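This briefing covers a group of aromatic residues and a pair of helices. Look at the sequence and structure below, then read the points by topic.

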Amino acid sequence: MRILCIGDVVGPCGRKFLERKLWNLRRERHIDMVVCNGENVSSGNGILPCDADALFAAGCDVLTTGNHVFQRREIYDYLDDRREIVRPANYPAACPGQGYCYYETPVARVAVLNLMGTVYLEPLESPFDRADQILEGLRADVILVDFHAEATSEKKALGYYLDGRVTAVFGTHTHVQTADERVLERGTGYITDLGMTGAYHSVLGIKTEIIVEKFRTHMPNRFFQAEGECEMCGIILTVDEKSGRTDTIERIALRG
């Protein structure tokens, strides 16, 4: 089977790009399933139910998130009700939502697990320990892990830690696509960061002048997402659903 994993969607620019392009891309590349990080899709930050619904309608099957998932209170009940959107599993159990979900395709049952790093981010439960706990009970042909983390070293460490135990580990959060896609020794597909889906002429999807001024003055500033020419970054995995291993991993970056 072929699975498309899409990097962090940033603002209306990224959402509109997927609405225009994703269904055609699915048909052209024979994609069986789409996993997309949607935690920055709403104007200002976070994810609102209406924008999550728009991503599903655009062709996404499962939405992952990260450290901005709880910034909009409107999403709390939605996280409990809609199983195809997940938040990092190493948040406390009392938080809204769940950390993994199952998605049924015609050829395989896919589990999507969301974890968050702890280096330079919230002091959550160890993603390594939480992964161990969840994997003990997962019953799926294919297991995908979105590791939303800041540090490259932490992402690589988790990739090797889970090698042979999951189908793929892909990083999100830093919004810059890395060129280290590979299949690890025991068959797990890996990339440090998928990149982002948002305005190409921006700083991580935010208007450039805002970020430049922030670095020059160190003064508080409200972030506004950029518009204009858009890009979509991600990977396409070719997976052997019988073994649960990745055969090939292809990095993609589309402009629109």
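In this predicted model, Phe 70 and Tyr 76 are both buried. Their rings are 5.9 Å apart at the centres and their planes stand at 85 degrees, so the pair is edge-to-face. A search of the whole structure gives four aromatic pairs.

**Aromatic residues**

- Phe 70 also forms an aromatic pair with Tyr 91, with 5.1 Å from centre to centre and 75 degrees between the planes, and this pair is edge-to-face.
- Phe 70 sits in the loop between strand E4 (62–64) and helix H3 (75–81), while Tyr 91 sits in the loop between H3 and strand E5 (100–104), so their pair ties together parts that are 21 residues apart in sequence.
- Phe 70 has a relative accessible area of 17%, and buried means under 20%.
- Tyr 91 has a relative accessibility of 12% and therefore counts as buried.
- One aromatic cluster is formed by Phe 70, Tyr 76 and Tyr 91.

**Helices H1 and H2**

- Helix H1 spans residues 11–28 and helix H2 spans residues 49–58; their axes come within 8 Å and cross at roughly 20 degrees.
- Angles under 35 degrees count as roughly parallel, and H1 and H2 are therefore roughly parallel to each other.
- H1 and H2 cross in a left-handed way.
- On the H1 side, Arg 15, Leu 18, Glu 19, Leu 22 and Trp 23 meet residues of H2, namely Asp 51, Ala 54, Leu 55, Ala 57 and Ala 58.
- Sorted by class, this contact of H1 with H2 has seven nonpolar and three charged residues, and no polar ones.

How values were computed
Residues numbered from 1 in each chain as written. Predicted model: local features only at pLDDT ≥ 70, side-chain atom pairs only at ≥ 80, totals over all residues. Heavy atoms only, no water. Axes fitted to C-alpha atoms, helices over the stretch in contact; angles between N-to-C directions. Helix = DSSP H or I, 4+ residues; strand = E, 2+ residues; numbered from the N terminus. Parallel < 35°, antiparallel > 145°, perpendicular 65-115°, else oblique. Left-handed = near helix turned anticlockwise from the far one by under 90°. Contact = heavy atoms within 4.5 Å. Nonpolar A, V, L, I, M, F, W, Y, C, P; charged D, E, K, R; others polar. Phe/Tyr/Trp six-rings, centres within 6.5 Å; stacked < 30°, edge-to-face > 60°. Buried < 20%, exposed > 50% of the residue type's maximum accessible area, 1.4 Å probe, protein only.
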